[in-house]
Amino acid sequence: MVHELNLRILPQQAYNEQSIQAYLRQEKGIKADAVRVVRRSLDARQRTIFVNLTVRAYVGEEPPLTDFEPYIYKDVSEKPAVIVVGAGPGGLFAALRLIELGLKPIVVERGKDVRERKKDIARIRPEQKVDPESNYSFGEGGAGAYSDGKLYTRSKKRGNTDRILQIFVQHGASPAILSDAHPHIGTDRLPRVIENMRNTILSCGGEVHFQTKMTELIIEEGRACGIVAGGQEMKASAVILATGHSARDVYRHLAENNIEIEAKGLAIGVRLEHPAHLIDQIQYHSKQGRGKWLPAAEYSLVSQVQGRGVYSFCMCPGGFVVPAASGPEQVVVNGMSPSNRNGRWSNSGMVVEIRPEDFEQFKIDKTIIPDLSLSLLYLQEELERQCWLQANRLQTAPAQRMTDFVNGRLSADLNESSYAPGLIASPLHFWMPDFISTRLREAFKLWGKQKHGFLTSEATVIGIETRTSSPVRILRDNETLQHIRISGLFPCGEGAGYAGGIVSAAVDGERCAESAATYLNL
Ligand SMILES: Cc1cc2nc3c(=O)[nH]c(=O)nc-3n(C[C@H](O)[C@H](O)[C@H](O)COP(=O)(O)OP(=O)(O)OC[C@H]3O[C@@H](n4cnc5c(N)ncnc54)[C@H](O)[C@@H]3O)c2cc1C
């Protein structure tokens, strides 16, 4: 017999399946042989913290091995080919979906496989420079490979996010991501999952080419019919372009070849790093912090300041701030965390919404911008370069104590930080554009009042966070997902401006694969 129950219990009672079984026995008189958690969320709004659970209790019978039917990937080696440019979540999920639909994916990726890539990332600290083809943005797994692996998306509209989570589980992610309200995989586990996805593609007869950069789209009579990559022509009747938001050379290639794109709004700001125990104390309303049974605390903050949204972005509890530049003369920061989120610090992007029409505010010389559709890309580049100059042309990041940033003072000294290449004291309040720094300072003051202890000299503001989403949208038809003028070209994922995060990029990848199959009459 199976009982399905909704429970609201203490963290120590909800800690694992054994503690839930004990609770059911003592409080409900149910002697379950096994339990499975269907849904788990934390309610930390009050001093007493509860875990809300939906569980299935199995009495006298075994639970099923998995809660979903495994996806079947058949041999496609002799089937029509579709080129997929980019092996981020958009490209990888497009490739897997193509296989399900009976098409052969040929994936080309400018970076290295996920293991080799890790070595290049590790070299950033000692060498103080970034490999322009293998870094936190480029390489197998895309921008999401060395991340927190957060898998929640605000948008449920665009596709079936459960499918995406199930495919992650089928490739080695913890089944807990299917039940957690805020699932995440963690940077230590993601590479294995990504390798398993690649192995599925290869074992079905698909192709994956690393260190193979697409330099040109081949377009004949308004139809995409292939690419030039790694110096070679590759032909196919459909091309899924999933190159992510950092492939600035791709945007320039599109602009130079009059392939329709437009400037897209994004958000720019800083990373804010607190000691993790401080965030735990604030969020769990207790001097003891998270104690033994609770995970590192998360937060999510949003305000309107002077007509623009200011918000926390990609929060990494117990995580690290990382050097996320993808080329020379750039300093860019982002965040990642391991699966157990047990690091000493918690960080989050703190960003201000920028719209294309705001570009006028930034006083960038328009004569050097060949195409206004690239205006926000230029803004990103300009700020990342300023940051690099502040950092003495290294990968050290300019930083300031949070209170000094708010009060407009250079910090005499800095807090310890998880940012491995090192920090350098810099007056971010002064050199960052007023449009951004004034709003951030106002929001920090506001949030300091809302959350006692949040605005503190123990927190560090680190510059600069510019890669929150794509500065460009590649224009596509809403129905067919093909580029508005070039048939057979499917702009996909975050880089095309249709996703913002791992899950939404994956959903968009699947949709592009389905549209490519329709286009090829399958
Ligand atoms: C450090 C960090 C942490 C993050 N944490 C999270 C998180 O916890 N949760 C979340 O949802 N999102 C997170 N993100 C954002 C998330 O990674 C992206 O939204 C997502 O990866 C976008 O997927 P995509 O496939 O569209 O593009 P990408 O992941 O950017 O993939 C694009 C791929 O295309 C390749 N490529 C580019 N140009 C070419 C070319 N010319 N030829 C061949 N290949 C090319 C790139 O090398 C790259 O592998 C994080 C990002 C970073 C950088």
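Which domains does the domain assignment give for the protein chain? It lists domain 1 (2–58), domain 2 (81–262 + 474–519) and domain 3 (266–465). Such bounds come from an automatic or database domain assignment. This is a predicted model, in which local features need pLDDT of at least 70 and side-chain atom pairs count only at pLDDT 80 or more, while totals for chains, interfaces and linings use all residues. Residues are numbered from 1 along each chain as its sequence is written, and side-chain values use heavy atoms, with hydrogens and water left out.

**View 1. The interface of domain 2 and domain 3.** The C-alpha centres of these two domains are 27 Å apart. Domain 2 brings 29 residues to the contact and domain 3 brings 31 residues; contact means heavy atoms within 4.5 Å. About 2400 Å² is buried between domain 2 and domain 3, with 52% of that area given by carbon and sulfur atoms. Buried area is the accessible area (1.4 Å probe) that two parts lose on being put together, summed over both. Gln128, Tyr136 and Arg248 supply 28% of what domain 2 buries against domain 3, more than any other three residues.

View 2. The rule finds 2 salt bridges between domain 2 and domain 3. A salt bridge is a side-chain nitrogen of Lys or Arg within 4 Å of a carboxyl oxygen of Asp or Glu. Glutamate 384 forms a salt bridge with arginine 248, and their closest N and O atoms are 2.9 Å apart.

**View 3. The side of domain 2 that touches domain 3.** Elements giving two or more residues to this side are α4 (124–127), α7 (248–256) and β11 (261–263). Helices (H or I, at least four residues) and strands (E, at least two) are DSSP runs, numbered from the N terminus. The largest share, 4 residues, comes from α7.

View 4. The ligand is surrounded by 37 residues, the closest being Gly90, Glu109, Ala143, Glu494 and Ile502. A residue counts as near if one of its heavy atoms lies within 4 Å of the molecule or strand. A backbone N or O atom of glycine 90 is 2.8 Å from a ligand oxygen atom. Alanine 143 also places a backbone N or O atom 2.8 Å from an oxygen atom of the ligand. For glutamate 494, a side-chain N or O atom lies 2.3 Å from a ligand oxygen atom.

View 5. Arginine 97 pairs with glutamate 100 in a salt bridge, the closest N and O atoms being 3.3 Å apart. The two residues are separated by about one helical turn, because they are 3 residues apart in α2 (residues 89–100).

View 6. A cis peptide bond, with omega about 0 degrees, joins glycine 463 and isoleucine 464. Isoleucine 464 is in strand β20 (residues 460–465). Glutamine 306 is not a glycine, yet has a positive phi of about 45 degrees. Glutamine 306 sits in the loop between β13 (302–305) and β14 (308–316).

Conventions
A polar contact is a pair of N or O atoms within 3.5 Å; within protein, one must be able to donate a hydrogen and the other to accept it, and residues adjacent in sequence count only if both atoms are side-chain atoms.
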